[in-house]
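Please read them with the structure open.

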Amino acid sequence: MVAVPAEKISTHRALVVEDNEHVAYMLEFMLERAGYDVIMAANGRDALAAVENVAPVDVILLDLMLPYVSGYQVITDVREHHDWQYVPIVVLSGKVLEEDIVRALDLGANDYVTKPFRPEELLARLRRVVADNERLAQAR
């Protein structure tokens, strides 16, 4: 395990839904190093099981092309789940067509990052959606 500097330690939790083993490992390492507690799901079915069985996380990082249940369906189900409906969703996908991006955003994704991605940019986007959601939660 890599030591995390004290200023990077957070109490944020992330659900990472990624079926590519190498990308999943890299994301888990990157997020843990940034101070996130990470829950991993290798397909859409496992992601939805986490939504049903785990307390809501602070952010979901979601691939769209997944086995069993698509990322689009995961977005829809998360937005319909009472406890998870406000959890920010950042899509991380190789789908780069405008129609795919628009569909994900229209279903309720908060942001969309295409693969290949830049790690620091992805972390900045995650920090932003988490901070925005925390501000909104105070107003609810």
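Is Tyr 86 buried, partly exposed or exposed, and what is its relative accessible area? The first point takes this up.

1. Tyr 86. The model is a predicted one, and every value here is computed from it. Tyr 86 has a relative accessible area of 47%. Residues count as exposed over 50% and as buried under 20%, so Tyr 86 is classed as partly exposed. The residue is in the loop that runs between helix 3 and strand 4. Setting aside neighbours within four places in sequence, its contacts are Arg 79, Asn 133 and Arg 140. Asn 110 lies 24 residues from Tyr 86 in sequence, and the C-alpha atoms of the two are 10.0 Å apart.

2. Overall layout. The protein chain contains five helices and five strands. Read from the N terminus, the order of elements is β-α-β-α-β-α-β-α-β-α. The radius of gyration is 14 Å, close to the 14 Å that the globule rule gives for 140 residues, so the chain is as compact as a globular protein of that length. The C-alpha trace spans about 40 × 40 × 30 Å along its principal axes.

3. Of the 140 residues in the protein chain, 41% are buried. Its accessible surface is about 7800 Å², and carbon and sulfur atoms supply 53% of that. Among contacts with a separation of 6 or more, 64% are between residues 24 or more positions apart.

4. Helix 2. This helix covers residues 44–53. Gly 44, Ala 47, Leu 48, Ala 50 and Val 51 are its buried residues. Viewed down the helix axis, these buried residues fall within an arc of 150°, so they line one face of helix 2. Glu 52 and Asn 53, on the other side of the helix, are exposed. The cover over the buried residues of helix 2 includes strand 1 (13–17), strand 2 (37–41) and helix 3.

5. Helix 3. Which residues of helix 3 are buried? In this helix, residues 71–80, they are Gly 71, Tyr 72, Val 74, Ile 75 and Val 78. Down the axis of helix 3 the buried residues fall within an arc of 160°, so they too line one face of their helix. They pack against helix 2, strand 3 (59–62), strand 4 (89–93) and helix 4 (98–107).

6. Arg 45 and Tyr 68. Arg 45 is in helix 2 and is partly exposed, with a relative accessible area of 46%. What does Arg 45 lie over? It lies over the face of Tyr 68, at 3.7 Å from the ring centre. Beyond its neighbours within four places in sequence, Arg 45 is in contact with Pro 67, Tyr 68 and Val 69. Ala 124 is 79 residues away from Arg 45 in sequence and 28 Å away in space, C-alpha to C-alpha.

7. Tyr 68 backbone. Tyr 68 belongs to the loop between strand 3 and helix 3. Its relative accessible area is 60%, and the residue is exposed. It is not a glycine, yet it has a positive phi of about 75°. A reader checking the backbone may want to look at this residue.

8. Other ring interactions. The charged end of Arg 103 sits over the ring of Tyr 72, 3.8 Å from its centre. Tyr 72 is one of the buried residues of helix 3. How many aromatic pairs does a search of the whole structure find? The search finds zero.

9. Pro 116. The peptide bond joining Lys 115 and Pro 116 is cis, with omega about -5°. Pro 116 is in the loop between strand 5 (111–114) and helix 5.

10. Glu 120. This residue is in helix 5, which runs over residues 119–139. With a relative accessibility of 58%, Glu 120 counts as exposed. Glu 120 and Val 16 are separated by 104 residues in sequence and by 17 Å in space, C-alpha to C-alpha.

How values were computed. Residues are numbered from 1 along each chain as its sequence is written. This is a predicted model: local features need pLDDT of at least 70, side-chain atom pairs count only at pLDDT 80 or more; totals for chains, interfaces and linings use all residues. Side-chain values use heavy atoms; hydrogens and water are left out. Rings of Phe, Tyr and Trp (its six-membered ring) pair if their centres lie within 6.5 Å; planes under 30 degrees apart count as stacked, over 60 as edge-to-face and the rest as tilted. A charge sits over a ring if NZ of Lys or CZ of Arg is within 6 Å of the ring centre and within 35 degrees of the ring normal. Buried means under 20% relative accessible area, exposed over 50%, partly exposed in between (1.4 Å probe, protein chains only). Helices (H or I, at least four residues) and strands (E, at least two) are DSSP runs, numbered from the N terminus. The arc is that of the directions from the helix axis to the C-beta atoms. Contact means heavy atoms within 4.5 Å. The radius of gyration is taken over C-alpha atoms; the globule rule is 2.2 Å times the number of residues to the power 0.38. Accessible areas come from the Shrake-Rupley method with a 1.4 Å probe; for residues, only the protein chains shown count as cover.
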